[in-house]
Amino acid sequence: MVFAQLGQSLDGFIASRTGDADFVTGAEDREHLHRLRALADAVVVGAGTAVADDPRLTVRHCPGRSPVRVVLDPHRRVPPQRRVFTDGSAPTLWIRGPGGDGEAAPATPATPGVEVLTLPEGAFAPGRLVRELARRGLGRVLVEGGGVTVSRFLRAGALHRLYLTVAPVLLGDGVPGLRFAGPERMRDALRPPLRRTVLGQDTLFELALGTPQCAAALDEQHGEAGEARGEGEEPVHHGDGQPLRGAHPRH
């Protein structure tokens, strides 16, 4: 089960143009995000989120166990001083790319509870990452940020669910949320079944994306390595929402 979340402004940004994301959405949405973490075996963020936001990625606003924190760092740009590597609050898996010479460099000494895994560039495709996590017993995966990482998983067809919370704020410019190559015609746009829930002043859209493609097919289609930039601690409450239903184009 792979699900993702993003919190964004009305005009589609997850942070201001300076990278400030504290906070795009409100307290109810942050509580919902922590509930999602409590349901997951692993929470995944990209290098950009780890660098810019220094998130803890733990469960604090609701009862529950913190998931394994997974940092995707294909170009080895996340400093070892980030809190996910030093606070000891939850197990952490640091997935890094090869060294500068293309070979797997020795792992950086880490604190207890932090495992360093070095993968070749092609292994950062979403399907391969999901398969590697499942091999470790991490079958329920939350992809939390940032926009690049969530977009890569969505583009690869690797998500069952997407939780997208929209705040009533306009930024005009900033760090974008979802970005992927879209269709040429509106009638070919992705229109998944959805459920809406009001979270304070925010609106949560829960999108049912169906069953992801098999890992082998994803590996063949998406072999590129990638980085992420996102809001990190950005948010999402399982309230009394509307039932999931198909969204239809206007005529």
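G146 is placed in the loop that runs between β7 (141–145) and α5 (147–155), where helices (H or I, at least four residues) and strands (E, at least two) are DSSP runs numbered from the N terminus. This is a predicted model, in which local features need pLDDT of at least 70, side-chain atom pairs count only at pLDDT 80 or more, and totals for chains, interfaces and linings use all residues. Residues are numbered from 1 along each chain as its sequence is written, and side-chain values use heavy atoms, with hydrogens and water left out. As background, most residues other than glycine have a negative phi, and most peptide bonds are trans.

**Cis peptide bonds**

- The peptide bond leading from G145 to G146 is cis, and its omega is near -5 degrees.
- Another cis peptide bond joins D22 and F23, with an omega of about -10 degrees, and F23 belongs to the loop between β2 (13–15) and α1 (27–39).

- L57, although it is not a glycine, has a positive phi of about 65 degrees, and L57 is found in the loop between α2 (47–53) and β4 (68–73).
- L57 counts as buried because its relative accessibility is 0%, where buried means under 20% relative accessible area, exposed over 50%, and partly exposed in between (1.4 Å probe, protein chains only).
- R76, also a residue other than glycine, has a positive phi near 55 degrees, and R76 sits in the loop between β4 and α3 (83–86).
- R76 counts as partly exposed because its relative accessibility is 26%.
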